[in-house]
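Welcome! Take a moment to turn the model around on your screen, and then we will walk through it together.

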Amino acid sequence: MGREEALVLAETASTNTLLKQLALAGAPAGSLCLCETQTAGKGRLGRSWHSPAGQGLWLSVLLRPRIKPEVAPLVTLCVAMAMAQAVRKVTGLDAQIKWPNDLVLRGKKLCGVLLEIGFGPQGIDYIVAGTGLNVRKGAYPADLAHQATSIEDHISPPPRRELLVHYLAALEEITDRLEESDFAGIAGDYRVHSCTLGSQVKVSGSMEFTGTAEDIDETGALLVRDECGELRRVLAGDVSVRGVMGYV
């Protein structure tokens with residue numbers, strides 16, 4: 001394959017799964033898979049992702065960034081920033097990022113991000129960046145209305161194509177910055193878009209505690225000051241933000 005692949009499908013099991021197959025077959029960076037509905041959409045931590053027909057922007061983009069393997073986790077921040085910028089530019093809505101990569105709007109989840117990374121002998125071979133943006137009200141199940149939202153819950157939704165175009169342009173620009181200067185190239189913008197920094201958070205998973213999120217470090221890890229005053233580094237697991245997606 002010498003040119004970017006663009007698959008636009010009525011239905012597929014998972015855009016990430018399909019694009020990984022293309023990546024292994026040699027598809028170039030910038031290839032994408034976009035569908036109307038997923039029958040087995042994937043979310044973080046092994047969760048499923050609800051992807052009803054015509055209700056959202058369900059897609060995956062193939063990246064082959066020239067970065068060191070240890071910088072790979074920062075790509076998830078780039079993807080979230082790109083979608084936040086696209087939503088803000090197209091709709092004017094104040095989309096923010098809940099660390100590391102959930103997009104939230106007025107305290108509810110608007111978009112999810114899932115990265116899957118393939119390594120080769122020389123380091124990173126590919127990164128498949130999957131995103132699910134809730135555009136219309138039917139994008140999420142009714143029983144998740146207390147945690148989820150859509151663009152249509154706030155304004156008349158714009159054409160999905162417009163959101164896609166701005167997202168892809170922003171993603172290219174932000175990942176270029178990451179390639180050029182690692183963390184320093186994206187840190188300032190990520191902090192501006194974050195709803196986590198400065199907020200009270202609850203960390204669960206391999207360690208459980210509450211505290212105040214103060215910053216992110218050069219690897220993308222979250223730095224949280226716990227209730228005893230110790231600054232702790234959070235690499236993975238669930239981080240709930242007070243007032244966001246149900247944490248009260």
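How many salt bridges does the structure hold? There are 15 salt bridges in it, where a salt bridge means a side-chain nitrogen of Lys or Arg within 4 Å of a carboxyl oxygen of Asp or Glu.

Before we look at some of them, a word on the model itself. It is a predicted model, in which local features need pLDDT of at least 70, side-chain atom pairs count only at pLDDT 80 or more, and totals for chains, interfaces and linings use all residues. Residues are numbered from 1 along each chain as its sequence is written, and side-chain values use heavy atoms, leaving out hydrogens and water.

## The whole chain

Four helices and twelve strands make up the secondary structure elements of the chain. These are DSSP runs numbered from the N terminus, with helices being H or I over at least four residues and strands being E over at least two. The chain is as compact as a globular protein of its length, because its radius of gyration of 17 Å is close to the 18 Å that the globule rule gives for 248 residues. That radius is taken over C-alpha atoms, and the rule is 2.2 Å times the number of residues to the power 0.38. Along its principal axes, the C-alpha trace spans about 55 × 45 × 30 Å.

Of the 248 residues, 52% count as buried. Here buried means under 20% relative accessible area, exposed means over 50%, and partly exposed lies in between (1.4 Å probe, protein chains only). Now take contacts, meaning heavy atoms within 4.5 Å. Among those between residues at least 6 apart in sequence, 61% join residues at least 24 apart.

| Pair | Distance, N to O |
|---|---|
| R66 and E179 | 3.1 Å |
| K68 and D182 | 2.9 Å |
| R88 and D94 | 2.9 Å |

The salt bridge of R66 and E179 links distant parts of the chain: R66 is in the loop between β3 (56–63) and α2 (74–91), while E179 is in helix α3 (residues 160–181), 113 residues apart. R66 counts as exposed, at 69% relative accessibility, whereas E179 is partly exposed, with a relative accessible area of 23%.

K68 and D182 also meet in a salt bridge. Their pair links distant parts of the chain too, with K68 in the loop between β3 and α2 and D182 in the loop between α3 and α4 (187–193), 114 residues apart. K68 is partly exposed at 40% relative accessibility, and D182 is partly exposed at 26%.

In the pair of R88 and D94, R88 is partly exposed with a relative accessible area of 26%, and D94 is partly exposed with 44%. Elsewhere, K98, D102 and K109 are linked in a network of salt bridges.

## A buried alanine

Is A72 buried or exposed? A72 is buried, with a relative accessible area of 2%. You can find A72 in the loop between β3 and α2. Not counting residues up to four places away in sequence, A72 touches I67, I117 and I124. A72 and L178 are 106 residues apart in sequence, and their C-alpha atoms are 9.9 Å apart in space.
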